[in-house]
Amino acid sequence: MKKQIAILGSTGSIGTQALQVIEEHTDQYEAYVLTANNRVDDLIYQARKFKPEAVVIANEAKYTQLKEALADLPIKVYAGEEALCQIVTETPIDMVLTAMVGYAGLKPTMNAIRARKPIALANKETLVVAGELVNDLARFNRTPILPVDSEHSAVFQCLAGETGNPVEKIILTASGGPFRTCTMKQLATVTKAQALKHPNWDMGAKITIDSASMMNKGFEVIEAKWLFGVRSDQIEVVVHPQSVIHSMVQFEDGAIKAQLGMPDMRLPIQYAFSYPERLKASFPRLDFKLCTNLTFEQPDTTRFRNLALAYEALHRAGNMPCIVNAANEVVVAAFLRDEISFLGMSEVIEKTMSRVSFVQKPTYEDYVATDEEARKIAMEMVATNNR
């Protein structure tokens, strides 16, 4: 029987690469559900090519266009946030790949967990915003969460076969992004076009900006806590510009295991799909004749304040990571609209952290309220900045 995969966010960078994995292993996998937020033309193309059982477009205004374009095919067509949350509970689905961007991925991921669907997690914001809640839900429903982020997949692979061996430290590698060597003066004037040119990875706009500001690495620190059950002081970030070592694990005896490979997201996607097996793949191989210089640096949290803010949010716990995520989504969108400077993003996030109501033991409803309040405050600050 082929594994039936639901891809939430099939038109994004992770989603399209997941479909490449499915295409390479048609004997193993089928796309059962494909979903998109706004990219209806891309979703139509994917639906006609992969012929899933159902498609969902989150933007209800695009429903008619999607429905008419697929009228000649026996594909169920749905629209809206509620449809997105319900489709993941369909009985034939064997795994849900959550590749949506941002906070929007939380609710459908939680619904999939309640339906006891194994999760291939590419939406790191789910654990950033509500890690404790999601982990408790996954434990209660005995639902595995398999990491797709290259760094967390690397840690996951390093831990294979190490059951019962205590972890001393997790070392997450960071490329440093396009501004690794820039001064504060240079960072003050960087443009959107410059920030979108990542040296190693091909990703969507939002995550590329997060990588440039190192907020992405801060979120990965928070995600690592919940995925691997370690304390914040057991998670270290090291800048590794070549992006060959994807992350490392140090054990109590001092031994360090690392996972290496080309910077290609299809490998961690496929590993999540096939775990615990490894399937043959055509992805490029690492050639050590060409890879002769691996370097490491300490991250600079003065120039890249977001990493320090993420650690602070993790230390303060409660709804603080949710506040940081909401503010970050607002400022990244503003930066992409040229409404805020690169360094101004960190300033708004830090101020939002001090102004939003803090909740030590948040419920799901608290997270929803926190997200709304933080976005409102951050948007007001961006607007004030532009007057």
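## Ground rules

This is a predicted model, where local features need pLDDT of at least 70, side-chain atom pairs count only at pLDDT 80 or more, and totals for chains, interfaces and linings use all residues. Residues are numbered from 1 along each chain as its sequence is written, and side-chain values use heavy atoms, leaving out hydrogens and water.

## α7 against α12

Helix α7 (residues 150-159) packs on helix α12 (residues 266-274) at an angle of about 50°, with axes 9 Å apart. Helices here are DSSP runs (H or I, at least four residues), numbered from the N terminus. Axes are lines fitted to C-alpha atoms over the stretch in contact, and angles run from 0 to 180 degrees between N-to-C directions.

On the α7 side, the contact (heavy atoms within 4.5 Å) uses S150, S153, F156 and Q157, and α12 brings L267, P268 and Y271.

## α1 against α12

Helix α1 (residues 13-24) also packs with α12, at about 60° and with the axes 9 Å apart. From α1, I14, Q17, A18, Q20, V21 and I22 meet R266, I269, Q270 and F273 of α12.

Take L66: setting aside neighbours within four places in sequence, L66 touches V40, L43, I44, V55, I57 and V77.

Methods: Helices (H or I, at least four residues) and strands (E, at least two) are DSSP runs, numbered from the N terminus.
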